[in-house]
Amino acid sequence: MTDMPGARRGTRALDVDAVLDDPSARIIVCCGSGGVGKTTTAAALALRAAERGRRTVVLTIDPARRLAQSMGLRELDNSPREVTGVDTAKGGSLDAMMLDMKRTFDEVVLAHAAADKASTILDNPFYQALSTSFAGTQEYMAMEKLGQLRAQDSWDLIVVDTPPSRSALDFLDAPARLGSFLDGRLIRVLTAPARAGGRVGFRVVQAGFGVFTSALTKVLGGDLLRDVQTFVGALDSMFGGFRERAEQTYALLQDPETSFVVVAAPEPDALREASYFVERLAGDGMPLAGLVLNRVHTSEVPEISAEQSVAAADHLAESPEHAFASAALLLHAERMRVIERERRLAARFSTAHPSVATVRVPAFSTDVHDLDGLRQVGDALTDDV
Amino acid sequence: MLDWNQARLHIVTGKGGTGKTTVAAALALGLAAEGRRVLLVEVEDRQGIAGLFDLPPLPYEERKVAVAAGGGDVYALAVDPQDAVLEYLQMYYRLGRAGRALDRMGALEFATTIAPGLRDVLMTGKTYEATRRRGSGGGFAYDAVVMDAPPTGRVTRFLNVNEEVTELTRVGPIHRQADSIMSLFRSPATAVHVVTVLEEMPVQETVDGVGELRAARLPVGAVIVNQVRQSPLAAATLADARAGSVDTAALRAGLVAGDLADLPHVTDATVHAWADGLAAEVVDHAERVSMEQEQYELLHALDADVLELPRLAEGIDLGSLYTLADRLRQQGVHGFDAAGTR
């Protein structure tokens, strides 16, 4: 099945080992919608890279418990730990970490705020809400952590999983949004109305501002506004820092040393998200390695179509001695129908994006929760079905 | 166990990829059957409902999208966060000029995109408003409201956002509003349903999610198992297959008796290879059934109603939503009249 060139309608196969082995590749970002096996793919890629001789670190965002345990990630400690049980014969190694977004945010504040302001910020209720419950923060902090790991320069390769966002594009956009908010006009106006007063049209601005703050006070309550103002006041020493950092990370993602691996399952929603993503990466000049299509169904008997299988099963249904064969053929028919549907969906994607190299990974009948399982996924990632 | 059929607000969550939006749509159709009026609310900005009902992207307004069995109506609303904030300001504060000032200052952007926590406040607020809205006759405008909510991993934080608001604001109109929303969400008028498939990660997330919801005192309704496959094989045959024992002679005989051996270029060797291939598929199937059974038991230990929906091999289209709605009704899902004369 692997050497049927015409059958793939010109789709290039993604050579995962070539991506992992390329010494100039320093960052691999796994992205895609939720529920497509992104975290597992990231972990399998990292393990494979490590066992092929690269010093690797994998940054996971929200791993399944047993997968996390298999990598020794028993708790959130926000710094990479060595994974045991990895074959290091070729000189590679694997470290793994799970993102703790609040701690990452705290570290940013501690590193960049003036010493006397840092504790004011960390104790502020508005900051606490921002750093724990605002969804965009996770994306921002994932990118922040990626930047930190890259700057540390202790690894040949960083493999990063992306947060389970509403949209796969969120992690590209959220950092810039949060960065420009924290550095932005709204916050400056909140804290320093006097600055606006220096300009022409002082009275107009002042009047507008009066309406504005009274509206905000009315809507948000005075306490919250005071919290925000205190927060922003303390943040003053960091102005410029947030946006600059977000921009630096964005530039890192555009660097040729980075490769994006888009992960999808053969489902309409997942492939639609994958399409958006591929278009966005192309538009922003971000290097795409290819598409990993997970959970693809396969058959041992592709020669018997769903229709033939159902016809035979119906024919056999009348004879009790063929009950088992009839049931087996019905199972086969259902499998072939699923395969047909998945093939149509995948073909639609590759027609729209013919240049995207793709690897299909079969659906496993059980979940992955140990290093051996990850090795199997790694093998499957390099053996298109 | 909660009698969640008494709920008027049905919140549907589930791990990504489990068919949450499909189930929410089917539930809305099921609740609307026999002349009721149900609103389906989308809060994730994905236009998934429009896709399911074969419609162009929905605007920010309540619009009829389907007629249920026996003549009920399903309306849909895709909540747009920026419009929601303006509407909210108009409704509660009548901030004409100040609303525009907020917009100019970037406050709307702040409220909706930069601080998704506030975005969650608006989404829950809009759903609350639609649930509590009265029609001209004095009854509720909708018999039931179904929300296609964020995934299991985020839903408790999403539904609880108003709790945080009450702590942040302490007093004032926002505080009171947030308080009322939390009261509705924690009352028997609300049920949070968790959609899953019988795979390890979604089930683990369901178990964790149900725990989180209960810890936050949010009423868990049903666990809805989607994409359930019935095995055509007997339990004993499945057990044998798991142990590696499959009757390949019977498969070969079946291939011959079923006329598949008569296809062109099929030799004895082909029939042997096909029978071995089918046997391997049977073993794979048996392993999957066994794994699914384990997951099923974990769900049954949750002390919540477990409903099942079948896997549809060809995928989901508009017609299959009615099939799924029907299956839900067969398992006891029913609407009730809450709306008055309209």
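**Exercise 1.** Which helices do the buried residues of H13(B) pack against?

*Solution.* Keep in mind that this is a predicted model. Start with the helix itself: H13 of chain B covers residues 268–300, which is 33 residues. From its first C-alpha to its last it reaches 47 Å, close to the 48 Å expected at 1.5 Å a residue. Next, pick out its buried residues, among them Trp274(B), Leu278(B), Val282(B), His285(B) and Val289(B). Charged side chains turn up in that list too, including Glu281(B), Asp284(B) and Glu292(B). Now look for their neighbours: in chain B, these are helix H10 (200–215), helix H11 (235–242) and helix H12 (248–257). Chain A joins in with helix H16 (323–352).

**Exercise 2.** Work out how H7(B) runs relative to H10(B), and which residues meet.

*Solution.* Find helix H7 of chain B at residues 152–159; its axis and that of H10(B) come within 9 Å and cross at roughly 10 degrees. Angles under 35 degrees count as roughly parallel, so H7(B) is roughly parallel to H10(B). Then zoom in on the contact: Thr152(B), Gly153(B), Val155(B) and Thr156(B) sit on the H7(B) side. Sorted by class, that gives two nonpolar, five polar and two charged residues.

**Exercise 3.** Trace the sheet of chain A and find its edges.

*Solution.* Chain A has 17 helices and eight strands. Follow the strands of the open sheet in the order E3-E4-E2-E5-E1-E6-E7-E8, with mixed pairing. The edges are E3 (81–82) and E8 (358–362) of chain A: each has a single partner strand, so one side of each lacks a neighbour in the sheet. Further in, E2 (residues 55–60) and E5 (residues 157–161) of chain A run parallel, joined by four bridges. One pair to look for is Val58(A) with Val159(A) in E5(A).

**Exercise 4.** Where do Asp54(B) and Arg217(B) lie, and are they buried or exposed?

*Solution.* Most residues other than glycine have a negative phi. Asp54(B) has a positive one, near 60 degrees, and lies in the loop between helix H2 (48–52) and strand E3 (63–67) of chain B. With 10 other C-beta atoms within 10 Å, Asp54(B) is exposed. Now try Arg217(B): its phi is near 60 degrees as well. The loop between H10 and strand E7 (220–228) of chain B holds Arg217(B), which is exposed, with 11 other C-beta atoms within 10 Å.

Definitions and conventions
Residues are numbered from 1 along each chain as its sequence is written. Chains are lettered from A and ligands numbered from 1 in the order in which they are written. This is a predicted model: local features need pLDDT of at least 70, side-chain atom pairs count only at pLDDT 80 or more; totals for chains, interfaces and linings use all residues. Helices (H or I, at least four residues) and strands (E, at least two) are DSSP runs, numbered from the N terminus. The expected span of a helix is 1.5 Å times one less than its number of residues. A residue is buried if 20 or more other C-beta atoms lie within 10 Å of its own, exposed if 12 or fewer, and partly exposed in between; C-beta atoms are placed from the backbone. Two residues are in contact if their C-beta atoms, placed from the backbone, lie within 7 Å. Axes are lines fitted to C-alpha atoms, for helices over the stretch in contact, and angles run from 0 to 180 degrees between N-to-C directions. Angles under 35 degrees count as roughly parallel, over 145 as roughly antiparallel, 65 to 115 as roughly perpendicular and the rest as oblique. Two strands pair if DSSP finds at least two bridges between them.
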